[in-house]
Amino acid sequence: MIGRHESVRSAHFAFTDRWGGVSAAPYAELNLGGAVGDDPGAVRVNRELAAKSLGLDPARVVWMNQVHGADAKVVDAPWGDHPVPEADAVVTARRGLALAVLTADCVPVLLADPVAGVAAAAHAGRPGLVAGVVPAAVRAMTELGADPARILARTGPAVCGRCYEVPKGMRADVAAVEPAAHAETSWGTPAVDVAGGVHAQLERLGVRDRERSQVCTLESHDHFSYRRDRSTGRLAGYVWLD
């Protein structure tokens, strides 16, 4: 259920795999995405199971309506009865409030400054990398008192540069914005390394404490992959501060 959970100086980072939930195929089992065609009741149960396994109150988890953009929303409470807004990053200075990001090949980016008590979760696919969603998240964190030199960054399972094949022109367009994302597949065709690009952006922003998951979602059948399966569920990354 929880593929990885790390605690560092009051900051918590967790990433799910696809197992331990109640969704039926093709969303089996722990689909946490509410907009992929799965039964809403199953998604609700899955979110409760995942949150409780982390010791979280499911009602205190903030989700996003992700649109592959660069909008970062500052939050201090769950959305409650209000519609979940469009955003690809959420940022908070409220300790104990968990932030969640959904992915199925894109890069889930979790950030925390334990000293300032500021955390962020960002959804970085190819469009978000180019648009600058990660710099937007870090800027929003610094406006709340975070220091990039103190920020801890963790990126979760995502399609790797050896598998993310794209047209040559698309690779050129991405690399023009972020050269570190230029890649080649294991079979010798143009590719994009989104996680590599994310980490390059974080490096330039002054974020030094970074870790990158080595799991490629397309290669791992323990994880959902949109590029592999099309109709599939969504993984989640969670970040919060004690």
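A: Begin with accessibility: buried means under 20% relative accessible area, exposed means over 50%, and partly exposed lies in between (1.4 Å probe, protein chains only). Glu211 has a relative accessible area of 36%, so Glu211 is partly exposed. Arg154 has a relative accessible area of 2%, so Arg154 is buried.

Q: What kind of model is this, and how are residues and side chains treated?

A: This is a predicted model: local features need pLDDT of at least 70, side-chain atom pairs count only at pLDDT 80 or more, and totals for chains, interfaces and linings use all residues. Residues are numbered from 1 along each chain as its sequence is written, and side-chain values use heavy atoms, with hydrogens and water left out.

Q: How many salt bridges does the structure hold?

A: Side chains of opposite charge can pair when their charged atoms come close. The criterion: a side-chain nitrogen of Lys or Arg within 4 Å of a carboxyl oxygen of Asp or Glu. The structure holds 13 salt bridges.

Q: Which residue does Arg154 pair with at 2.9 Å?

A: Glu6; 2.9 Å separates the closest N and O atoms. Helices (H or I, at least four residues) and strands (E, at least two) are DSSP runs, numbered from the N terminus. Both Arg154 and Glu6 are buried.

Q: Where does Glu211 lie in the pair with Arg154?

A: Arg154 also bridges to Glu211, with 3.8 Å between the closest N and O atoms. Glu211 is in strand E12 (residues 209-212), 57 residues from Arg154 in strand E9. Salt bridges with shared partners join Arg4, Glu6, Arg154, Asp209 and Glu211 into one network.

Q: Are Asp71 and Lys73 buried or partly exposed?

A: Asp71 is partly exposed, at 36% relative accessibility. Lys73 is partly exposed too, at 28%. Their side chains meet in a salt bridge, 3.3 Å from N to O.

Q: Which residue follows H3?

A: Gly145, with a positive phi near 110 degrees.
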